[in-house]
Amino acid sequence: MTDTPVDPTSTAAWARLTALAADFTPDLRRWFDEDPDRVSRLSFGAGELHVDLSKALLDDEVLAALLTLADEVGVVGRRDAMLAGEHINVTEDRAVLHTALRLPADAALEVDGQDVVGDVHEVLGRVYEFADQVRSGAWTGVTGERIRTVVNIGIGGSDLGPVMAYEALAAYRQDGLECRFISNIDPTDAATTLAGLDPATTLFIVASKTFGTLETLTNARLCRAWLLEGLGSSDATEAVAKHFVAVSTALDKVADFGIDPANAFGFWDWVGGRYSVDSAIGTALVVAIGPERFAELLEGFHTMDEHFRTTEPARNVPLLMGLLNVWYTNFLGAESHAVLPYAQLLHRFPAYLQQLTMESNGKGVRWDGSPVTTETGEIYWGEPGTNGQHAFYQLIHQGTRLIPADFIAFAEPSYPLVDTHDGQSQDVHELFLANFLAQTAALAFGKTADEVRAEGTAEAVVPARVFTGNRPTTSIIAPRLTPAVLGQLVALYEHLTFTQGVVWGIDSFDQWGVELGKQLAQQVGPAISGDAEALAGQDASTQALIAYYREHRTR
Ligand code: F6P
């Protein structure tokens with residue numbers, strides 16, 4: 001699908017939004033006072049998620065113009081092209097079908113002559129069977145002992161999704177079975193992750209879409225050496241067969257590594273790494289939470305896919321949130337976007353979203369190769385509340401930058417605890433939620449100088465204690481952090497990222513920007529190790545840094 005993207009800045013809606021932005025004086029206090037229906041008009045349901053956009057910097061005129069923009073750039077058409085398996089990943093000439101990973105078994109989708117749904121469920125079935133064997137103890141290591149620890153070796157999308165979901169769904173894990181994750185090529189990662197493990201009860205999953213990633217293959221070799229040394233096994237083939245499985249689209253390379261193809265789970269080039277947690281890349285997670293729960297996660301994804309596919313634009317939550325981000329980024333000058341989960345178990349969710357959003361939309365050219373015509377790709381960041389409150393919220397409340405923030409919370413805690421002291425009982429989750437609500441209210445409505453004075457504050461200190469308000473937030477709340485809700489949440493962000501990419505005319509599914517550094521690392525490697533010719537080919541700064549390293553190393 002190589003059609004020319006519509007230049008968003010050439011549309012009538014863009015001109016309208018530019019004009020609206022020029023006179024835009026958001027006043028959430030007044031908007032709330034004058035419009036008793038604002039909250040109900042701007043609150044939406046998507047699956048089990050309740051999404052409140054009322055504290056966004058949004059009025060009816062802006063919303064209408066954003067929806068017109070979506071129409072003028074053809075978001076719906078491109079969405080349908082993606083879902084149908086057209087090659088919308090233009091620079092790699094690939095379909096983009098992560099949504100097919102969560103289609104029910106009785107759905108039908110044939111793409112490029114492939115029975116996509118049949119293939120997806122065939123692999124899922126094998127992953128489920130493997131996970132059941134590990135969970136039940138039927139799968140044993142080479143000494144006959146059951147597996148106690150599963151170590152996932154992968155990086156980027158082959159790590160962040162499984163880690164994020166493993167942490168998020170901690171309440172659903174099987175006792176006595178732990179997962180650990182090695183991603184970084186810093187040898188510290190492998191060393192500290194393996195520390196204390198018993199090779200006889202450890203199983204490795206080498207997760208790599210390409211099976212060519214330096215970090216993953218290096219770590220896999222380190223783990224294989226650790227295993228063989230620890231087992232003292234003379235039969236490496238048997239030990240690897242019992243302690244290594246792989247997940248990849250490159251099954252030939254898996255075999256070259258020495259992993260039995262019978263222990264490999266495939267997926268397809270139409271699944272991007274950052275969109276792959278719901279493929280076999282999630283095998284560690286399936287082992288941890290079990291096939292039934294993983295199936296619920298997939299159902300959650302599918303629920304949001306269906307919402308995105310079938311809901312009219314004016315009520316389509318991922319589409320609305322993507323458009324809102326365009327408004328903030330391109331018209332109000334926001335450069336970053338905070339994600340603040342009021343759920344400790346989502347502590348890796350912002351890191352996961354960094355890859356999803358920034359690897360997808362951090363692009364300077366459009367899908368036809370022409371330069372983008374607007375800013376693209378916000379910087380995503382965040383930490384769970386309330387930790388962030390005591391660290392960086394100061395800047396969000398009173399700094400000079402506009403930082404739209406998504407607050408995510410759950411009605412039910414994953415671990416309910418009550419704090420009893422001085423004869424009083426306090427549901428700690430309610431205390432937690434009070435913070436979520438207080439922060440979004442403070443950001444929206446602020447505190448005026450008169451309100452500060454009324455508290456008896458000395459005049460000289462009044463300005464420092466004023467909160468301007470009108471700092472935009474989106475509140476996302478769901479009944480509980482279940483597998484299904486997690487799936488809905490991830491798919492929500494996938495589709496809002498897609499929406500923004502279409503508006504900007506970019507291919508959100510390639511990642512050429514990570515390649516140059518990889519190539520250079522191959523060239524610099526010999527220079528660090530002492531190859532004079534390779535060293536001479538480096539720039540002066542790199543040469544000086546290598547000289548420093550060689551002077552200070554003690555090995
Ligand atoms: O270098 C970036 C990247 O290609 C990501 O897109 C991907 O998730 C990660 O590396 C890992 O790749 P692989 O799964 O092929 O090892």
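Reply: Happy to! Two strands pair if DSSP finds at least two bridges between them. Helices (H or I, at least four residues) and strands (E, at least two) are DSSP runs, numbered from the N terminus. This is a predicted model, where local features need pLDDT of at least 70, side-chain atom pairs count only at pLDDT 80 or more, and totals for chains, interfaces and linings use all residues. Residues are numbered from 1 along each chain as its sequence is written, and side-chain values use heavy atoms, with hydrogens and water left out.

Me: What makes S8 and strand S9 (residues 264-266) a pair?

Reply: Three bridges link S8 and S9 in the parallel sense, and the rule asks for at least two. One of the partners is Phe265 in S9, bridged to Val247.

Me: Why is strand S8 (residues 244-248) called largely enclosed?

Reply: Buried means under 20% relative accessible area, exposed over 50%, partly exposed in between (1.4 Å probe, protein chains only). Five of the five residues in S8 are buried, so the rest of the structure largely encloses this strand. Phe244, Ala246 and Ser248 are buried on one side, Val245 and Val247 on the other.

Me: Why does Cys223 count as buried?

Reply: Because its relative accessibility is 0%, Cys223 counts as buried.
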